[in-house]
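Work through the exercises below with the model open. Try each task before reading its solution.

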Amino acid sequence: MTVNIYIHQTIKGPKRQEGVGIYILEAITPQGPVTKTFREKVEASENEAWMRVLGSALKHMTLPSDLNLFFDSQWLGAAVESWLPRWRENDYLSAKGIKIKNSEIWQEIGTALEQHNVTVKAGVAHEYKNWLINNAKTA
């Protein structure tokens, strides 16, 4: 089965602040796409918010699938595609041998992604983008 996860969040910058995370899970079925939307309040920096919202979305993924992740954060894209595999190999330690920041969340994300064939689509336009942006403002 193919599942698309579309993620948006409202926090900008490195300062810890309150914002909204919103995501759509879209399962592609023989009868057509089936979607479910989730919203949550987030208190975090921008990068941490992306990570937390992704972690929340992945908790709904219980069956192995072809998983497409859509979000605007190039940072999160690099983390999932490049850094996470290395962190997992090194027990979530940095090159200096220090636990990476938010290692518990990254471990959850890494474990959740293990069972899926993941494609990251950071910055790729999609049909839900404007809807996510507008509904994050009203959440």
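**Exercise 1. Find which helix gives the most to the lining of the second largest pocket.**

Step 1. α1 gives the most, with 3 residues. Helices (H or I, at least four residues) and strands (E, at least two) are DSSP runs, numbered from the N terminus.

Step 2. Place the helices. α1 (46-58) and α2 (74-89) each supply at least two lining residues.

Step 3. List the lining: Ser45, Asn47, Glu48, Met51, Trp75, Trp87, Ile100, Lys101, Asn102 and Trp106. On a 1 Å grid over the protein atoms alone, a pocket is an open set of points with protein on both sides within 12 Å along at least five of seven lines; a cavity is a set where a 1.4 Å probe fits but cannot get out; lining residues have an atom within 4 Å of a point.

Step 4. Sort by class. This lining has 5 nonpolar, 3 polar and 2 charged residues. Ala, Val, Leu, Ile, Met, Phe, Trp, Tyr, Cys and Pro count as nonpolar, Asp, Glu, Lys and Arg as charged, and the others, Gly among them, as polar.

Step 5. Give the volume: about 150 Å³ for the second largest pocket. Grid points are joined across faces, edges and corners, and a volume is the space filled by probe spheres set on the points.

Two notes before going on. This is a predicted model: local features need pLDDT of at least 70, side-chain atom pairs count only at pLDDT 80 or more, and totals for chains, interfaces and linings use all residues. Residues are numbered from 1 along each chain as its sequence is written, and side-chain values use heavy atoms, with hydrogens and water left out.

**Exercise 2. Describe the largest pocket.**

Step 1. Its volume is about 200 Å³.

Step 2. Of the 14 residues that line the largest pocket, Met1, Val3, Ala27, His60 and Met61 are the closest to its centre.

Step 3. Strands β2 and β3 each supply at least two residues of this lining.

Step 4. By class, the lining of the largest pocket holds 8 nonpolar, 4 polar and 2 charged residues.

**Exercise 3. Trace how β1, β2 and β3 pair.**

Step 1. Start with β1 (residues 2-9) and β2 (residues 17-29). They run antiparallel, joined by 8 bridges. Two strands pair if DSSP finds at least two bridges between them.

Step 2. Find a partner across this pair. Histidine 8 stands opposite isoleucine 22 in β2.

Step 3. Move to β3 (residues 32-44). β2 and β3 are antiparallel too, over 13 bridges. Isoleucine 24 has threonine 37 in β3 as its bridge partner.

Step 4. Check the turn. A hairpin of 2 residues joins β2 to β3.

**Exercise 4. Is asparagine 135 buried or exposed, and what does it touch?**

Step 1. Locate asparagine 135 in helix α4 (residues 129-138).

Step 2. Asparagine 135 counts as buried because its relative accessibility is 18%. Buried means under 20% relative accessible area, exposed over 50%, partly exposed in between (1.4 Å probe, protein chains only).

Step 3. Leave out residues up to four places away in sequence. Asparagine 135 then touches Ile22 and Arg39, where contact means heavy atoms within 4.5 Å.

Step 4. Look at the side chains.
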